[in-house]
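Please examine the sequence and the three-dimensional model shown below. The explanation that follows begins with the chain as a whole and then turns to one helix.

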Amino acid sequence: MRNVAKMLLLAAIFMAACTNEKEPAENAVAKTEATLNSIRPDAQQYAPEQLQSVEASVNRMKEDLAKKDYSAVVRAVPSVNSDLETLKTATETAKSDAEAMLAAAQSEWNELNTSVPPMVEKLQARVDQLTKSRKYPKGMDKAAFEAAKTSFESVKAEWTEAGAEYASGQAANAVRKARGTKAKAEELMTQLEVKA
């Protein structure tokens, strides 16, 4: 009889312990999910691999909760919270870096957009003039002029592509392309003796 009473007492203590851990476990999962959901949109863009790892940990916590393994949930909280904090920091850093790069690209684009179109106009006027007069710059023959004209057509096409990329939100790619376009235009201005 005494053993049965001890067994019942131990069972009651165990049940009480489980019940005592149920609420903290449920709260922990709810709080963890809320935190993850608040980070998720930016994390998907700026730290996708870390996000997957944290999501896997949170899913394990939810599975343990579903299995009523409350102590496993409670034990996982410090580690998952640490992972969430790391994910949040990585996401904020990556987002800040991306925003800084975008601002720099937009600033450089504005400079390029001010300097390249006038160069293209001057080159167009010079190409038209040389095509009519057929008097080429010193050291340039008809073949070299035709090659320069082809390069100029390439410059115009690349500038148009750069503008389209910028308009579609790809500022960094647009700036890279525009830099190359500007360098080619400057080279052509020298070849065709265009005054800056």
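Of the 196 residues in the protein chain, 27% are buried, where buried means under 20% relative accessible area, exposed over 50%, and partly exposed in between (1.4 Å probe, protein chains only). The model is predicted: local features need pLDDT of at least 70, side-chain atom pairs count only at pLDDT 80 or more, and totals for chains, interfaces and linings use all residues. Residues are numbered from 1 along each chain as its sequence is written, and side-chain values use heavy atoms, with hydrogens and water left out.

The secondary structure of the protein chain consists of 5 helices and 0 strands; helices (H or I, at least four residues) and strands (E, at least two) are DSSP runs, numbered from the N terminus. Among contacts (heavy atoms within 4.5 Å) between residues at least 6 apart in sequence, 74% join residues at least 24 apart.

Consider now helix H2, which covers residues 48-66. Its 19 residues reach 26 Å from the first C-alpha to the last, close to the expected 27 Å, a span calculated as 1.5 Å times one less than the number of residues.

Which residues of H2 are buried? They are Leu-51, Val-54, Ser-57, Val-58, Met-61, Asp-64 and Leu-65. Seen down the axis of H2, these buried residues fall within an arc of 145 degrees, so they line one face of the helix; the arc is that of the directions from the helix axis to the C-beta atoms. An α-helix has 3.6 residues a turn, so residues three or four places apart point the same way. On the other side of H2, Glu-49, Gln-52 and Ala-66 are exposed. After H2 comes Lys-68, with a positive phi near 65 degrees.
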